[in-house]
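Here's a quick briefing to read with the model open beside you.

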Amino acid sequence: MYIDPHIHMVSRTTDDYQRMALAGCVAITEPAFWAGYDRGSAQGFVDYFRLLTDTEPKRAAQFGIRHHTWLCINPKESEDIGLAREVLAEIPKFLDRPSVLGIGEIGLNKNSRNELVVLEEHIALAHSRGLLILVHTPHLEDKLKGTRLIMDAIAAQGVDPSRVLIDHVEEHTVRPVLDRGFWAGMTLYPDTKCTPQRAADIFEMHGTERLWINSAADWGVSDPLAVPKCRDEMRRRGHLDAIIKRVSFDNPKAFLSQSGRFSVK
Ligand SMILES: [Zn+2]
């Protein structure tokens, strides 16, 4: 039994739900993200939010998987501040839907000035409504700088770090994130971000407190079964079942339950 706390099912087939259920997946959370193309209007996001809050929970339920979501305009499409503000104005209309856990995945992509402005406005929205936050951190060379900028922006508004998950951490960012009191997520990709082997190494070096794993499977090269594969890797290395359950079930459940909306059988 496991939870995949970050996966983009709008980009996946129903067969993937079926295979995940067979592998033991009981609950997922799906952050709003870049869909592989820039949407032309705020209405494009409204339709996307309907998909996330209405269509996907029903599709997941057919296979006994609980589906939850996070809403935002992602950093990649935040360069146009006018569009971003139109989308931000639509988000509150969806926040009372029962499967919405909070604001995400917000963050930075190229660490630009406009991205930072839109990030700050999302943080303010989450803070004013007492919502959890899920953070996307930039890729490769921008990651460490971007992660610091994001943590500073969150701290500047007085948000409790124990209600924020910083995702896509790697070897060089996991420690600064945990040391400041945030939760950290490791994304298991076949080649970039963390492989299951690198994630297992990071658990061995940094422990399992406030740390989880996810597949972040989307429309690109990614694997919706990455979490059970990492569990297998840890089992092969002789880790105890309790430790494996902690990182793939107990930890995500503990963080997500702070929303008051997360449910798992
Ligand atoms: Zn994502």
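How many bridges join E1 to E2? Three bridges do, and the two strands run parallel. Keep in mind that this is a predicted model. E1 and E2 belong to an open sheet of eight strands, ordered E1-E2-E3-E4-E5-E6-E7-E8 with parallel pairing.

**The sheet**

- The edges are strand E1 (2-4) and strand E8 (211-214), each pairing on one side only.
- On average, neighbouring strands of this sheet are turned by 25 degrees against each other, ignoring direction.
- Helix H8 (residues 226-236) packs on the sheet and touches E1 and E8; the direction of H8 makes about 130 degrees with that of E1.
- To find the E1/E2 pairing on screen, look for Ile 3, whose bridge partner in E2 is Ala 27.
- Strand E2 (residues 25-31) is mostly covered, with six of its seven residues buried.
- Strand E6 (residues 164-166) pairs with strand E7 (residues 183-187) in the parallel sense, over two bridges.
- Leu 165 stands opposite Trp 183 in E7.

**Helices H4 and H5**

- Helix H4 (residues 113-129) and helix H5 (residues 143-156) have axes that come within 10 Å and cross at roughly 40 degrees.
- The crossing of H4 past H5 is right-handed.
- On the H4 side, the contact uses Leu 116, Leu 119, Glu 120 and Ile 123; these meet Leu 149, Ile 150, Ala 153 and Ile 154 in H5.
- Sorted by type, the residues of this contact are seven nonpolar, no polar and one charged.

- Most residues other than glycine have a negative phi, and most peptide bonds are trans.
- Against that background, a cis peptide bond joins Gly 104 and Glu 105, with omega about -10 degrees.
- Glu 105 sits in strand E4 (residues 100-107).
- Asn 111 isn't a glycine, yet has a positive phi of about 60 degrees; you'll find Asn 111 in the loop between E4 and H4.
- His 168 isn't a glycine either, and has a positive phi of about 60 degrees; look for His 168 in the loop between E6 and helix H6 (174-179).
- Are these two buried or partly exposed? Asn 111 has 18 other C-beta atoms within 10 Å, so it counts as partly exposed, while His 168 has 25 and so counts as buried.

Key:
Residues numbered from 1 in each chain as written. Predicted model: local features only at pLDDT ≥ 70, side-chain atom pairs only at ≥ 80, totals over all residues. Axes fitted to C-alpha atoms, helices over the stretch in contact; angles between N-to-C directions. Helix = DSSP H or I, 4+ residues; strand = E, 2+ residues; numbered from the N terminus. Left-handed = near helix turned anticlockwise from the far one by under 90°. Contact = placed C-beta atoms within 7 Å. Nonpolar A, V, L, I, M, F, W, Y, C, P; charged D, E, K, R; others polar. Pairing = 2+ DSSP bridges. Buried ≥ 20, exposed ≤ 12 C-beta atoms within 10 Å, placed from the backbone.
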